[in-house]
Amino acid sequence: MSINNLHQLAALIQEESDSLLSRWREQVRQLPSAKHIDIPTLNDHVPRLLEEFVAALQSLSDETIPERLLQGSPAIHGLQRQEDGFDIVEVVAEYNILRGCIHDLAESHGIGLRGKPFHILNRVFDEAIGLAVQTFATQQALEAQRRREEYLAFVAHDLRTPLNAISLAARVLELERQDRGDPADTVQMIKTLRRNVRHLEGLVEKVLKESANVQTEGGLKLERRDVDLWPLVEALIHDLRPVAGTASTQLTNDIPEELIAYADASLLRRVFQNLVANAIKHTPRGEVVIAARRIGGEGGVEGWVRDNGLGIPKDRLAILFDKLEPGSETEGGTGLGLTIVKTFVEAHGGTVTVESEEGVGSTFQFTLPGRSGS
């Protein structure tokens, strides 16, 4: 195909974009998840995808599909479709429907999609499908993690009563066996039972306490101590590795091994967890760096989580930490994740800020005062 024909195809798609999208929507609405979605929501970023295809035709780029994927185009479609209740098969299907609509449009105007235009079409659409599916899967993994945490809180609550009953029964048995002069090993076995029950009770109370923090964020009671930051973050990275693996996101612990913060370890872990989980979701095939340094002469610490992901629009930055803001959803789409970060950091007497540029990435920073400043 000549260069003129490639430009002709690009011009045709520009001229017929409205009717092309209309035919695409007509077919996509046959998918179960798309039947009752309004036009703006159904379109999502698809008009932008057509613009990308037109630009690729006009530029005559010889990029390969892997080279195109490394550019990391915005992967917003999969997130939107997951929130709209799409099945992953339908996410792929709607892209292929658009691919077919473009093919039909070209053929109806005597333009055959062979050779270079065929490769450009597949390159652009395969990238879009891959990123959408990756983002969709990452969001599902984060949702599964949230549900596991919620389920754990319910189970922990229900475990308290039987554990208390076991503890009391073991204590009664211990006293009775001592009074009856039973063998020492029998009494010791009962003591071992009671000791392990107390351990389980402590674990249950810890789970319930951590779950309650989200619900009582206005009146947190801190239990400050010296916290080694490197192992805390290293353990968190280990826990989040399945989620990061789903998004093909690299997690890097760049905290000095000797750095210590004076903070509530449980709340500090949640601060890092929310920031890292948020970064993973918006950084498919990228890198998330967790770092910290000493600030001031009073033992204060500044921590940050930096990613090279999608970035945040400037008009969202001022309200990003507001409760239930759609742009701050890191916990099940409720918008609480970044609000919790702000609440926990300010409870320590610190501050939290964000710097971001669309297409470049974001850096969330927070400060924690030392002993004298707390």
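I count a charge as sitting over a ring if NZ of Lys or CZ of Arg is within 6 Å of the ring centre and within 35 degrees of the ring normal.

**Basis of the entries**

I worked on a predicted model, in which local features need pLDDT of at least 70 and side-chain atom pairs count only at pLDDT 80 or more, while totals for chains, interfaces and linings use all residues. Residues are numbered from 1 along each chain as its sequence is written, and side-chain values use heavy atoms, with hydrogens and water left out.

**Entry: R81 and its partners**

I looked up R81 and found that R81 lies over the face of F86, 4.6 Å from the ring centre. I then searched for salt bridges, taking one as a side-chain nitrogen of Lys or Arg within 4 Å of a carboxyl oxygen of Asp or Glu. R81 meets E94 in one of them, at 2.8 Å from N to O. I placed R81 in helix α6 (residues 76-83) and E94 in helix α7 (residues 88-108), 13 residues apart; helices (H or I, at least four residues) and strands (E, at least two) are DSSP runs, numbered from the N terminus. R81 also meets D84 in a salt bridge, at 3.9 Å from N to O.

I checked accessibility next, with buried meaning under 20% relative accessible area, exposed over 50% and partly exposed in between (1.4 Å probe, protein chains only). R81 is at 0% and therefore counts as buried, and E94 is buried as well. D84 is partly exposed, at 25%.

**Entry: E302 and R293**

I noted a further salt bridge between E302 and R293, at 2.9 Å from N to O. E302 is buried at 13%, whereas R293 is partly exposed at 42%. Returning to R81, I recorded that salt bridges with shared partners join R81, D84 and E94 into one network.

**Entry: aromatic pairs**

I searched the whole structure and found three aromatic pairs. Rings of Phe, Tyr and Trp (its six-membered ring) pair if their centres lie within 6.5 Å; planes under 30 degrees apart count as stacked, over 60 as edge-to-face and the rest as tilted. F53 and F125 form an edge-to-face pair, with 6.3 Å between centres and 80 degrees between planes. F53 belongs to helix α4 (residues 46-59) and F125 to helix α8 (residues 116-180), so this pair ties together parts 72 residues apart in sequence. I found both F53 and F125 buried.

F321 and F364 are also edge-to-face, because their centres are 6.1 Å apart and their planes stand at 85 degrees. F321 lies in the loop between α12 (314-317) and α13 (337-347), and F364 in strand β7 (residues 361-368), 43 residues apart. F321 is buried at 12%, and F364 is buried at 3%.
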